[in-house]
Amino acid sequence: MFGVHVAGVAVFLFVAVLGPVTAQSTYTRKALTGGEVILPCDYDQAADGDWIVITWSALMDGSFQNLFVRTTGSTDNSITPPAQFAGRVAIDGERNLRLTGVTIADEDEYRCIVTATNSPTTLVNLQVFKQPTAPGPNIQVQYDPVAADTTKVPLNTTVTFTCTSTGGRPPASLTWTVTKDSTPVSVTPTYTTTNDSQGVGDAMSTFNFTTTEYSVKYEVRCTASGPTDSPIVAQTSAVTSFTTEPGEGGIGTGAIVGIVIGVIAALALVAALVYFLLIREKKPGKGKEDGGAQSPDDGYDDVLSRNTAPGIDESDDDGYEVPMEPVRPVPPPPQPSGDYQELRPAVYQSLQKF
């Protein structure tokens with residue numbers, strides 16, 4: 001029982017509620033250890049009337065203990081709260097409760113009663129989480145047999161990855177991100193946890209595989225996170241990576257692929273060049289177009305050289321060919337008749353007289 005003065009009249013109000021309380025509103029709030037949380041209190045002045053007292057209490061050892069009592073016209077706490085809440089509770093706004101320095105022991109049920117014409121009651125279930133220990137999950141890698149150089153891990157090596165996260169409430173969920181040459185790889189890890197009496201614990205996840213390919217780079221990450229909608233901030237480990245040994249002769253898979261592509265391109269270029277030369281070699285000459293066969297004894301006319309042939313552009317890089325034509329036989333000159341031979345001496349003698 002406590003007394004308040006309203007308009008100069010001492011009014012004594014009983015704020016302790018006897019018997020069970022039927023909540024009009026129920027909420028759940030989540031907080032991290034060391035943080036703060038606002039617990040809501042429902043009140044509608046139009047429906048409930050003017051309030052006189054707002055009382056916040058917490059369920060402790062099976063019964064509700066008052067934490068904060070606010071009366072009309074004051075923002076101070078009219079009572080002394082239990083020692084574990086001293087200096088950590090305050091009214092936020094008009095009626096909500098602000099709880100700071102949250103501890104695991106604060107996880108419980110809280111109640112707000114607004115003393116008014118209709119005195120609404122609100123119950124709030126507080127859940128407390130603990131962020132896993134910083135800086136985050138840790139990855140350990142084991143090679144069997146032992147690999148002296150993680151840039152040249154031999155084939156048929158069994159590689160085991162172990163991710164651990166400590167100090168979470170609840171223990172963190174662990175997920176893996178694995179890539180092989182930047183391509184995602186699916187893995188099937190194991191997952192185990194340990195907890196103390198307050199629900200704080202460690203988590204561990206493990207998977208392994210055996211290397212079977214040359215010159216392959218693996219990258220691995222582990223992420224620790226809390227339950228869905230919890231205030232726990234996800235933490236991701238640093239990237240752990242290794243590369244398998246190169247193939248025989250020191251040539252890796254990527255280099256072999258490059259060589260094959262280069263050889264194919266070179267063969268295609270050679271084939272194109274041969275095709276071009278064969279097409280030029282098969283261009284027909286004029287004699288062949290006429291259907292006449294040439295014998296080794298056929299003669300040929302002189303042809304103009306490339307640089308002196310008329311109408312040829314010397315800048316033309318494609319060259320020029322002048323077809324060769326066979327020499328046609330020249331008929332012998334006509335022989336003089338017999339009468340002509342008989343007149344020759346007479347004509348000669350006549351010319352001598354001059």
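This is a predicted model: local features need pLDDT of at least 70, side-chain atom pairs count only at pLDDT 80 or more; totals for chains, interfaces and linings use all residues.

Visitor: What share of the residues counts as buried, and what does buried mean?

Guide: Of the 354 residues, 28% count as buried. Buried means under 20% relative accessible area, exposed means over 50%, and partly exposed is in between (1.4 Å probe, protein chains only).

Visitor: What share of the contacts comes from residues 24 or more positions apart?

Guide: Among contacts with a separation of 6 or more, 61% are between residues 24 or more positions apart. A contact here means heavy atoms within 4.5 Å.

Visitor: Which strands make up the open sheet of three strands?

Guide: The order is β4-β8-β7, with antiparallel pairing. Two strands pair if DSSP finds at least two bridges between them.

Visitor: Why do β4 and β7 count as edges?

Guide: β4 (37-39) and β7 (89-92) each have a single partner strand, so one side of each has no neighbour in the sheet. From one strand to the next, the twist averages 30°; for such angles, axes are lines fitted to C-alpha atoms (for helices over the stretch in contact), and angles run from 0 to 180 degrees between N-to-C directions.

Visitor: How do you know that β4 and β8 pair?

Guide: Three bridges join β4 to β8 (residues 96-99), and the rule asks for at least two, so they pair. One of the bridges has L39 facing its partner L97 in β8.

Visitor: Why is the link of C41 and C112 called a disulfide?

Guide: A disulfide is a pair of cysteine sulfur atoms within 2.5 Å. The sulfur atoms of C41 and C112 are 1.9 Å apart, so the pair qualifies. The torsion about the S-S bond is about -60°, so this disulfide is left-handed. C41 sits in the loop between β4 and α1 (45-48), while C112 is in strand β9 (residues 109-115), 71 residues apart.

Visitor: What makes C41 and C112 buried?

Guide: C41 has 2% relative accessibility and C112 has 0%. Both values fall under the 20% limit, so both cysteines count as buried.

Visitor: How many disulfides are there, and what is the other one?

Guide: There are two. C163 and C222 form the other, with sulfur atoms 2.0 Å apart, and with -85° about the S-S bond this link is left-handed. C163 lies in strand β12 (residues 158-168) and C222 in strand β17 (residues 217-225), so the pair ties together parts 59 residues apart in sequence.

Visitor: How do you know that T160 is buried?

Guide: T160, in strand β12, has a relative accessible area of 17%. That is under 20%, so T160 is buried. Among the residues T160 touches are Q140, V141 and F207.

Visitor: What joins β16 to β12 and β15?

Guide: Nine bridges join β12 to β16, and the two run antiparallel. Strand β15 (residues 190-195) pairs with β16 in the antiparallel sense over six bridges. β15 and β16 form a hairpin with five residues between them, and G199 in the turn has a positive phi of about 85°.

Visitor: Which faces does β16 have, covered and uncovered?

Guide: In β16 (residues 201-210), the covered face includes A203 and F207, and the uncovered one includes M204 and T206. In a regular strand the side chains alternate between the two faces of the sheet.

Visitor: What makes a nonpolar core, and which residues of the largest one touch the most other members?

Guide: A nonpolar core is a set of buried Ala, Val, Leu, Ile, Met, Phe, Trp, Tyr and Cys residues joined through side-chain atoms within 4.5 Å. The largest has 27 residues, of which W56, F85, L99, Y110 and V114 touch the most other members. Its largest share, four residues, comes from β5. Apart from it lies another core, of 20 residues, among them V178, A203, V220 and C222.

How values were computed: Residues are numbered from 1 along each chain as its sequence is written. Side-chain values use heavy atoms; hydrogens and water are left out. Lists of a residue's contacts leave out its neighbours within four places in sequence.
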